[in-house]
Amino acid sequence: MYSIGYDIGSSSIKAALVDKKTGNNIHVIQEPENEMHITALQNGWAEQDPEIWFSHVCTATKRLLNENNVAPKEITTIGIAYQMHGLVLVDKNGKVLRPSIIWCDSRAVTIGQKAFNILGSSYCKESLLNSPANFTASKLKWVKENEPEIFKQIHKFMLPGDYIAYRLTGKINTTITGLSEGVFWDFKTHCISKTLLKQFGIPETTVPDIVPSFGTQAKVNKKGALDSGLAIGTKINYRAGDQPNNALALNVLQPGEIAATGGTSGVVYAVTDNLKNNEYERINNFAHVNHSFENPKIGKLLCVNGAGILYRWLKENFDVSSYTQMNNLAEQISIGSNELTILPFGNGAERMLKNQHIGAHFINVDFNRHHKAHFCRAALEGIAFAFVYGIDIMKKDNTPIKVIKAGNDNLFQSEIFSTTIATLINIDIKLYNTTGAIGAARASSNVNDTTNTIGSITNKNDFVKKYTPQKNIKTQLIHAYNTWKNELILKINQTS
């Protein structure tokens, strides 16, 4: 018997087939082959058609079954991970009303800031654990203000993973983890925030039913089976946003453990049992997958929107065939990239910079000294420095950091990138051969339906390697980091 895990990203859909008994990964498929398109009708906007996500889910599922000679009835459980903070709206017939406003869309920043000023810092800090900022609730308010005819038709709002579950099962529901990532959840009352809904003028009837993160959430119906190739009755047993799910996949469940990713955006995700926070305007605080009112587990998420997207941009525009080639070019250049400095913040407003949109910048470019390899090195350093800058913010928020774990399928594969971070923060970084899709599949197959809890999803063969702090290069890295940080502060002051 097998489980399937989906990871619904903004670049691609990944689907993993996992042996239910052993937890071994059988096959991972990515759809489409090239990255999905993001529509930006205005500066700072980002939208995608939810139906495109589901179409690729179906294609990936059928490929997994066909290429591995697996019958639909052999798939017993499904887990879903998804891009966080997206907004999907459907009418009473389940029809999508407009393209999804996805995670990196920054149109609602002003709306969130206004709500923060009205609701007050005490309520936001103690009940929501966040400023409303640019999260799903603020995006929904933007629709109310700017597209009133669409808003009137809304039956339910959903997050991206909720929509995929709905298309497979016909059931519209969500989780506490999901509602908290949209900043709809009140941690003091342990229920939907009626205060926020009232402030934004959002009817409580538009909130989906709430189901546990672990346990049978819904079952594939006839239409879902026909579209996807799965069997009728296949259980969706687990759902979470991509970053909480990534942490789960890396077995990051307790305070002091950090999960990191370096994909299109970069994320540092720490777990704490303390609801108090000092940096709630810059660090996101969500219910982790194992959170409960009696035993709180909060995921503290710090995002660098401009991360892997910068490296991809260089690859596409500098005529480089692969990321491996880029890493090799970067290794030819010494620390500091001959004074070429890159600020990677060109992918929307940056919450860790207090929602400023300072843009990406190439600084001190010298046409006589700098070439392709310098840009590769400076990009890796710039993204790594952004991570370190964010981790410093987390430390100010009294977040314990004992170890960083990351998957072996992103920027952390780069020796330069990982060693730079490990050395500057003086913490080991451990890589594991797992992905969000694999983690979702494993989670779905290890659920106790009676207690709605999760068993072990780790595999002893997952560990790949460890990056340790390097004393011999620390002085050079500190100098390069301080140079980078000074340039960042100048841009922040210019933008303010």
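**Entry 1**

Strands here are DSSP runs of E with at least two residues, helices are runs of H or I with at least four, and both are numbered from the N terminus. The model is predicted, so local features need pLDDT of at least 70 and side-chain atom pairs count only at pLDDT 80 or more, while totals for chains, interfaces and linings use all residues. Residues are numbered from 1 along each chain as its sequence is written, and side-chain values use heavy atoms, with hydrogens and water left out.

His-190 has a positive phi of about 55° although it is not a glycine. Most residues other than glycine have a negative phi, and most peptide bonds are trans. At 28% relative accessibility, His-190 counts as partly exposed (buried means under 20% relative accessible area, exposed over 50%, partly exposed in between, with a 1.4 Å probe and protein chains only).

I then checked Ser-337, which sits in the loop between helix 12 (323-330) and strand 19 (341-345). Its phi is also positive, near 50°. Is Ser-337 buried or exposed? Ser-337 is buried, with a relative accessible area of 0%.

I noted a cis peptide bond between Glu-31 and Pro-32, with omega about -5°. Pro-32 belongs to the loop between strand 3 (25-31) and strand 4 (47-48).

I traced an open sheet of seven strands in the order 17-18-16-15-21-22-25, with mixed pairing. Two strands pair if DSSP finds at least two bridges between them. The edge strands are strand 17 (284-287) and strand 25 (463-467), each pairing on one side only.

Strand 17 and strand 18 run antiparallel and are joined by four bridges. Ala-287 has Ile-298 in strand 18 as its bridge partner. Both faces of strand 17 are covered: Asn-284 and Phe-286 are buried on one side, Asn-285 and Ala-287 on the other. Strand 16 (residues 266-272) pairs with strand 18 (residues 298-304) in the antiparallel sense over seven bridges, and Val-268 stands opposite Leu-302 there.

**Entry 1: helix 13 and helix 14**

How do the axes of helix 13 and helix 14 cross, and at what angle? The axes of helix 13 (residues 372-396) and helix 14 (residues 415-425) come within 9 Å and cross at roughly 35°. Axes are lines fitted to C-alpha atoms, for helices over the stretch in contact, and angles run from 0 to 180 degrees between N-to-C directions. By class, the contact has twelve nonpolar, one polar and two charged residues (Ala, Val, Leu, Ile, Met, Phe, Trp, Tyr, Cys and Pro count as nonpolar, Asp, Glu, Lys and Arg as charged, and the others, Gly among them, as polar).

**Entry 2: aromatic rings**

I found 20 aromatic pairs in a search of the whole structure. Rings of Phe, Tyr and Trp (its six-membered ring) pair if their centres lie within 6.5 Å; planes under 30 degrees apart count as stacked, over 60 as edge-to-face and the rest as tilted. Phe-214 and Tyr-238 are stacked, 5.4 Å centre to centre with 10° between the planes. Phe-214 lies in strand 13 (residues 214-219) and Tyr-238 in strand 14 (residues 235-241), so the pair ties together parts that are 24 residues apart in sequence.

Phe-387 and Phe-417 are edge-to-face, 5.4 Å centre to centre with 85° between the planes. This pair links helix 13 to helix 14, 30 residues apart.
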